[in-house]
Amino acid sequence: MLRVARLTDYACILMSCMTSGPDDVASASELAVRSRLELPTVSKLMKRLHKAGLVKSFRGAQGGYRLARPAASITLADIVAAMEGPIGMTECSVHSGRCSHESHCGARSNWRRVSVILVEALTAVTLSDIRPPAIPLQSAARAAALPLQGR
């Protein structure tokens with residue numbers, strides 16, 4: 001089965017949670033609550049996403065993180081590349097010269113075709129497309145009133 005790593009999936013969830021207030025600065029703790037991810041995981045992901053230029057970080061009492069660009073200009077390809085490196089089905093479909101079979105391999109060009117299609121598909125989906133559904137105010141208020149164990 002082909003799949004992205006769990007941390008890459010979590011990074012997509014986390015980034016999508018940041019679309020609700022793209023200009024708002026949210027702390028790692030706030031993002032952990034919004035995304036329902038553990039704080040150490042959120043901190044680790046935010047460092048990687050910041051290093052990749054997808055989020056900006058701010059220090060101080062009102063510090064935290066916000067999207068570095070509008071949600072419509074950040075793609076799943078950006079997030080996957082930030083978390084996993086260059087997108088490709090095989091090593092040789094991304095980098096030439098790293099396989100001793102390159103000169104006589106008939107599959108390489110086909111893997112490249114698949115890789116190109118994959119990148120195009122991931123580039124076609126933006127954070128705006130995966131924004132979490134808005135929770136009606138009444139439902140949000142009821143959820144906030146529940147004890148933590150009941151959630």
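# Questions on a predicted model

Trainee: Does Arg 59 count as buried or exposed?
Mentor: This is a predicted model, and in it Arg 59 has a relative accessibility of 85%. Anything over 50% falls in the exposed class. Because 85% lies over that cut-off, Arg 59 counts as exposed.

Trainee: How far apart in space are Arg 59 and Ser 27, C-alpha to C-alpha?
Mentor: Arg 59 sits in the loop between S1 and S2. Along the sequence, 32 residues separate Arg 59 from Ser 27, and in space the C-alpha to C-alpha distance of this pair is 9.8 Å.

Trainee: In what order do the elements of the chain run from the N terminus on?
Mentor: The chain holds 6 helices and 2 strands. Read from the N terminus on, these elements follow the order α-α-α-β-β-α-α-α.

Trainee: Which element supplies the largest share of the largest nonpolar core?
Mentor: This core has 28 residues, and those touching the most other members are Met 15, Met 18, Leu 31, Val 42, Met 46, Leu 49 and Ile 79. At least two core residues come from each of helix H1 (6-17), helix H2 (28-35), helix H3 (39-51), strand S2 (64-67) and H4. The largest share, 5 residues, is supplied by H4.

Trainee: Apart from its neighbours within four places in sequence, which residues are in contact with Met 15?
Mentor: Met 15 is one of the buried residues of H1, a group that also includes Ala 11 and Leu 14, and as a group the buried residues of H1 pack against H2, H3, strand S1 (55-58), S2 and H4. With neighbours within four places left aside, the contacts of Met 15 are Leu 49, Leu 54, Val 55, Leu 67, Ile 74, Ile 79 and Leu 127.

Trainee: Is Thr 8 buried or exposed, and which residues are in contact with Thr 8 when neighbours within four places in sequence are left aside?
Mentor: Thr 8 lies in helix H1. The cut-off for the buried class is under 20% relative accessible area, and Thr 8, at 1% relative accessibility, therefore counts as buried. Leaving aside the neighbours within four places, Thr 8 is in contact with Ile 79, Val 80, Met 83 and Glu 84.

Trainee: At what angle do helix H4 and helix H5 pack, and how many nonpolar residues does their contact have?
Mentor: Helix H4 (residues 76-84) and helix H5 (residues 108-123) have axes 6 Å apart and pack at an angle of about 115°. H4 makes the contact through Leu 76, Ala 77 and Val 80, and H5 through Val 119, Leu 122 and Thr 123. By class, this contact has no charged residues and 1 polar residue, and the number of nonpolar residues is 5.

Trainee: Which residues are in contact with Ser 115, leaving aside its neighbours within four places in sequence?
Mentor: Ser 115 is found in helix H5. Its relative accessible area of 4% means that Ser 115 is buried. Beyond the neighbours within four places, Ser 115 is in contact with Gly 88, Met 89 and Ser 93.

Trainee: What is the phi of Arg 36?
Mentor: Arg 36 has its place in the loop between H2 and H3, where, at 75% relative accessibility, it counts as exposed. Most residues other than glycine have a negative phi. Although Arg 36 is not a glycine, its phi is positive, at about 60°.

Trainee: What distance separates the C-alpha atoms of Asp 129 and Ala 72?
Mentor: Asp 129 lies in the loop between H5 and helix H6 (137-145) and is exposed, with a relative accessible area of 52%. Asp 129 and Ala 72 are 57 residues apart along the chain, and the separation of their C-alpha atoms is 7.8 Å.

Definitions and conventions
Residues are numbered from 1 along each chain as its sequence is written. This is a predicted model: local features need pLDDT of at least 70, side-chain atom pairs count only at pLDDT 80 or more; totals for chains, interfaces and linings use all residues. Side-chain values use heavy atoms; hydrogens and water are left out. Helices (H or I, at least four residues) and strands (E, at least two) are DSSP runs, numbered from the N terminus. Axes are lines fitted to C-alpha atoms, for helices over the stretch in contact, and angles run from 0 to 180 degrees between N-to-C directions. Contact means heavy atoms within 4.5 Å. Ala, Val, Leu, Ile, Met, Phe, Trp, Tyr, Cys and Pro count as nonpolar, Asp, Glu, Lys and Arg as charged, and the others, Gly among them, as polar. Buried means under 20% relative accessible area, exposed over 50%, partly exposed in between (1.4 Å probe, protein chains only). A nonpolar core is a set of buried Ala, Val, Leu, Ile, Met, Phe, Trp, Tyr and Cys residues joined through side-chain atoms within 4.5 Å.
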